[in-house]
Every structure is written in structure tokens, then in C-alpha cells.
Amino acid sequence: MIFASPFPPTVAFAHCGWDEHTVGDLAPDEAAALSARAVPKRVREFVAGRMAARRAMTALGLAPVPPVPPGADRAPCWPADVVGAITHTREHALAAVAHAGDCGGLGLDLEHVAGVRRLDIARAVADATEQAWISAAPEPEARRRLVALFSAKESVFKALYPQVQRFFGFDAVTSRFDEAGGAFDLTLREPLAPGWPAGASLRVGVTWYGDFVLTSLCLPPLRGANAPRLW
């Protein structure tokens with residue numbers, strides 16, 4: 001499957017299949033992060049994600065390509081002045097990176113419809129308005145809506161977490177799907193970081209590849225000491 005970059009040209013985007021690389025291809029700092037007890041699925045996810053990140057950083061012009069070990073919070077530790085995001089499913093790993101001067105943060109998430117087996121999990125993901133939007137569609141469209149919403153909120157978390165530096169839940173944002181634009185317009189329901197107050201708006205792109213949904217978010221670069229321009 002070929003995934004097209006959902007980002008502007010200043011963002012480098014790459015794909016890696018699960019069976020393309022092994023642990024031996026990781027940088028020492030990356031390999032050291034894998035527990036000896038890690039199950040094969042976790043190992044394949046980690047390797048493919050880091051290889052996708054390496055390809056993206058190469059496309060961005062970084063040389064030599066630095067390692068991307070996980071931090072204490074398990075989030076990727078990107079090189080200085082670089083922002084990025086990694087996502088993976090059982091078949092694919094994708095990564096996106098950009099210079100911090102071009103982008104304040106990246107959100108990227110890939111999900112498969114089969115990953116959601118029960119629609120009642122919407123209560124953990126969606127607020128009342130979002131649940132009404134999901135349930136307004138018959139199966140299987142309702143399931144696709146739920147998966148897309150989950151993915152969009154994951155993209156928001158990945159993009160903002162490096163600035164927020166704390167975990168926040170699905171209820172921190174509420175959304176409306178723009179049918180014409182094929183994107184979610186999300187609004188923060190609580191302040192998350194300097195420059196990201198309650199009421200700030202975010203637009204998350206949505207692209208379907210069969211039963212895979214890819215969501216993406218590119219934040220504007222930071223302005224001043226810590227305040228992003230809202231859009």
C-alpha cells in the first residue's frame with residue numbers, strides 16, 4: 001500500500017513495512033530501549049517505527065541521521081530543533097518530521113477499522129455531540145466514524161504533548177466533522193499549554209485507504225518564547 005504525505009512540503013514523510021528490518025538495524029540507543037521480555041509484536045512495531053523515522057529524517061536532509069530513543073514517558077526523543085511523530089499498525093509504520101522553525105508539532109495516526117470491535121467504546125472517546133454524530137450513521141459507517149474520531153484525537157495528543165508535557169484525555173477536545181473538507185475541526189475544552197487556551201482551534205486531516213484511516217495535524221511554528229499562532 002502506498003501512503004501519500006498529508007503534510008505540506010516542509011514536512012518529510014515516510015513509510016516502512018513490518019518485515020523490512022530487524023533489531024540489528026536499530027541504533028544502539030534505540031535497541032537498548034527494547035526489553036529482553038518484549039513480545040515479537042512490540043519489537044516489530046518499534047523497529048518499523050524507527051526505520052520509518054530514519055527514512056523521514058533522511059528525506060529532511062539530516063546527516064548523519066540521529067537515533068530516536070524513547071524517553072522516560074515512552075515518547076520519541078527527536079533531535080534538537082526537530083519535531084516528529086510515529087504511528088504503526090500490524091502492517092505499516094509511518095513517520096513524519098520537520099524543522100521546528102517550520103512546524104510547532106506534528107500529529108500522525110494510522111488506524112484500521114477492525115481495531116474497533118464494539119461501538120459502545122464511543123463513550124470513552126466521544127462526548128455527547130460526537131456520540132450523536134457517530135450513531136446517526138448506520139453500520140459500518142458508524143464504526144468508521146468512531147475510528148476516525150479516535151485517530152484524530154490521537155493526532156492531537158501527539159502534536160501537543162511535547163509542548164504540554166502531561167497526559168490529557170479524549171475529553172480535552174471536542175470536534176465537528178467537516179464533510180466538505182474531509183477533516184475534523186477540533187476545539188480545546190481546557191487550557192493545555194501556554195498559547196493553547198481553552199477555545200483554541202485545530203484542524204485534523206482525514207484520509208481513508210480502504211479500511212485504514214490516516215489522520216494528520218501540522219501545528220504552526222512557535223512564536224516568541226512559547227506561544228503558537230492559533231488557527
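Biologist: Why does cysteine 16 count as buried?

Modeller: The relative accessibility of cysteine 16 is 0%, and buried means under 20% relative accessible area, with exposed over 50% and partly exposed in between, for a 1.4 Å probe and protein chains only, so cysteine 16 counts as buried. This is a predicted model, in which local features need pLDDT of at least 70 and side-chain atom pairs count only at pLDDT 80 or more, while totals for chains, interfaces and linings use all residues. Residues are numbered from 1 along each chain as its sequence is written, and side-chain values use heavy atoms, with hydrogens and water left out.

Biologist: What makes strand β3 mostly covered, and which strands does β3 pair with?

Modeller: Seven of the eight residues of β3 (residues 92-99) are buried; strands here are DSSP runs of E with at least two residues, helices are runs of H or I with at least four, and both are numbered from the N terminus. Two strands pair if DSSP finds at least two bridges between them; β1 (residues 12-17) has six bridges to β3 and β2 (residues 82-88) has seven, antiparallel in each case. Alanine 95 in β3 stands opposite alanine 14 and also opposite isoleucine 86.

Biologist: Why are β4 and β5 placed at the edges of their sheet?

Modeller: Five strands form an open antiparallel sheet in the order β4-β8-β7-β6-β5. Because β4 (105-112) and β5 (173-178) each have a single partner strand, one side of each is left without a neighbour in the sheet.

Biologist: How do you know that α4 and α5 meet, and which residues take part?

Modeller: Contact means heavy atoms within 4.5 Å, and Glu130, Trp133 and Ile134 in α4 meet Ala142, Arg145, Leu146, Leu149 and Lys153 in α5. The axes of α4 (residues 128-135) and α5 (residues 141-164) come within 8 Å and cross at roughly 145 degrees, where axes are lines fitted to C-alpha atoms, for helices over the stretch in contact, and angles run from 0 to 180 degrees between N-to-C directions.
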